[in-house]
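Below are my notes on the structure you sent.

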Amino acid sequence: MSRIKLLQFFLFLVATGNIYAQRTAADDLFSVNNRIAFAEYLFCAEDYLRAVVEFREVLKSSANDTARFRIGYALNKMNRYREAEDNLKGLFFSSQLSEEARLEFYKSNYFGKDFIDYGDLLEYNNYLPEKYHSVLLKTYHNKLLLQSRSLPDSSTFFSVYNSDEKEELLKFYMMKKRPGYKNETTAALLSAVLPGAGKVYSNETGDGITSFLFTGILTFLAVNNFQNDHKIRGWIFTGLAAYFYAGNIYGSAAAAQNFNAGIKFNFEKEFILFLDGKNHFFPEYNFLCK
Amino acid sequence: MIKIIFLFVAFFFLSSLSLAQTDWIKWDKAEESYQIKSEYGRNYKWNRTSISSTVLSGAQSLYYFFISDLDGKNCPFHPSCSVFFIESSMRTNVFKAALMFADRFVRDTNLFKRYPHYPKHASGSLYDPVENYLLNQALVKYFPREEIVE
């Protein structure tokens with residue numbers, strides 16, 4: 001009997017011990033602190049999609065400004081700007097991270113919206129973070145270099161940058177101020193005077209020489225046939241020469257436009273590479289990943 | 001019982017005889033075409049929505065049938081010169097399209113290093129779209145020369 005009771009007691013201890021152990025493991029794994037630690041690990045490893053999911057689970061059980069801010073930051077990184085704005089608006093007032101949240105809000109507008117909307121946002125001081133006002137002015141000037149409006153004078157433009165940044169940006173400012181575009185009218189007029197000259201002006205030397213030879217040979221054939229009293233052939237070659245002469249003028253204007261498109265493309269590509277290297281002058285936060 | 005078995009065996013034997021190959025009736029080889037199928041099929045239909053489209057699509061089909069299909073794929077550009085003319089006449093008018101075609105024709109005959117000036121198309125030709133010659137700067141698309149355009 002005592003052995004049976006001893007056995008029952010032993011079994012009771014084992015069963016309760018197991019149940020207790022499982023409950024503790026389950027609680028620890030999905031506790032708020034564990035979730036935050038895991039989400040921060042994912043965030044710092046730049047796995048933003050899963051980090052957002054984990055931070056959202058954290059927010060279901062507790063209010064956490066840092067988690068909310070990280071969600072907004074991660075959504076910006078994933079180019080989901082509208083969602084980022086919605087998440088960050090909750091931190092604008094009565095939060096320790098309100099200035100940083102407003103900066104991230106402007107960041108989502110900088111990357112997500114066009115120049116005019118971004119300019120309007122800055123002009124009307126909507127949710128402007130005073131601590132980062134100089135940063136936002138720099139980003140506005142970045143956008144000035146990427147759109148088609150005329151640039152302000154250099155003293156106004158560089159007033160927001162420090163001396164090192166000014167030195168680096170001077171090259172892009174001059175490229176934007178004097179891009180070296182070709183004028184379509186000039187190209188067309190040059191080709192009207194000398195067939196192919198407009199294409200050579202637009203950096204299409206081979207096409208220019210071909211145009212000149214084409215028009216020249218047809219004109220020569222027309223003149224030659226008229227001189228030898230072959231009027232029908234003369235008029236055919238005259239018509240062809242006039243046709244290709246007109247086509248050459250048209251093509252020269254189009255070649256100038258294609259040249260300008262190439263200039264614009266290469267400038268934007270180089271400038272965006274430069275800005276990516278500087279994080280577009282947005283500051284890095286030292287509290288995010290330690 | 002024996003009759004049933006006999007009928008079954010006879011049926012089986014006769015059916016196998018009818019399907020088996022005999023010496024005097026051979027199976028013919030399957031008619032197989034080894035021609036490589038072209039990805040870029042021709043559309044010979046005539047577009048009858050208007051007089052101009054009927055004339056243009058008719059001329060295009062006749063040109064394809066009598067000249068292009070016999071001559072083969074010789075144009076170094078994509079779209080080819082005939083397609084370029086048709087597309088430009090649909091986007092603008094016949095006169096402007098004629099000027100664009102004249103320019104395209106001269107560029108096609110260019111003997112001096114045209115390859116660095118055009119990006120490559122996935123078909124292997126040089127990419128030269130109609131949009132770049134409409135004299136509308138907003139429509140001009142620039143592609144880096146090393147890029148392959150789909």
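1. In this predicted model, the residues of H4(A) that meet H6(A) are A:Phe69, A:Tyr73 and A:Asn76. Their partners in H6(A) are A:Glu100, A:Ala101, A:Glu104, A:Lys107 and A:Ser108.

2. As to geometry, the axes of H4(A) and H6(A), the latter being residues 98–112 of chain A, come within 10 Å and cross at roughly 20°. Angles under 35 degrees count as roughly parallel, and H4(A) and H6(A) are therefore roughly parallel to each other. The crossing of these two helices is left-handed.

3. The largest nonpolar core holds 49 residues. Those with the most contacts inside this core are A:Phe43, A:Phe69, A:Tyr106, A:Leu136, A:Phe157, A:Leu169 and A:Phe271. H4(A), spanning residues 65–77, gives the most to this core, with six residues. Both domain 1 (14–113) and domain 2 (184–274) of chain A give residues to the core, so it lies between them. As general background, nonpolar side chains tend to be buried together in soluble globular proteins.

4. There is also a second, separate core of 12 residues. Its members include A:Ala254 from chain A, and B:Cys81, B:Val130 and B:Tyr133 from chain B.

5. What is A:Leu169 in contact with, leaving aside its neighbours within four places in sequence? The contacts of A:Leu169 are with A:Leu145, A:Phe158, A:Tyr161, A:Phe271, A:Phe274 and A:Phe281. Both A:Leu169 and A:Phe271 are listed among the residues with the most contacts inside the largest core.

6. On the domain division, chain A is split into domain 1 (14–113) and domain 2 (184–274). Taken over C-alpha atoms, the centres of these two domains are separated by 62 Å.

7. A:Leu221 is found in H13(A), a helix covering residues 205–227. Is this leucine buried, partly exposed or exposed? A:Leu221 has a relative accessible area of 28%; buried means under 20% and exposed over 50%, so A:Leu221 is partly exposed. Along the chain, A:Leu221 and A:Ala192 are 29 residues apart, and their C-alpha atoms are separated by 20 Å.

8. Chain B has four helices and four strands, following the pattern α-α-β-α-α-β-β-β along the sequence. Of the 150 residues in chain B, 29% are buried. Among contacts in chain B with a separation of 6 or more, 56% come from residues 24 or more positions apart.

Methods. Residues numbered from 1 in each chain as written. Chains lettered and ligands numbered in written order. Predicted model: local features only at pLDDT ≥ 70, side-chain atom pairs only at ≥ 80, totals over all residues. Heavy atoms only, no water. Core = buried A, V, L, I, M, F, W, Y, C linked by side-chain atoms within 4.5 Å. Buried < 20%, exposed > 50% of the residue type's maximum accessible area, 1.4 Å probe, protein only. Domains from an automatic or database assignment. Contact = heavy atoms within 4.5 Å. Axes fitted to C-alpha atoms, helices over the stretch in contact; angles between N-to-C directions. Parallel < 35°, antiparallel > 145°, perpendicular 65-115°, else oblique. Left-handed = near helix turned anticlockwise from the far one by under 90°.
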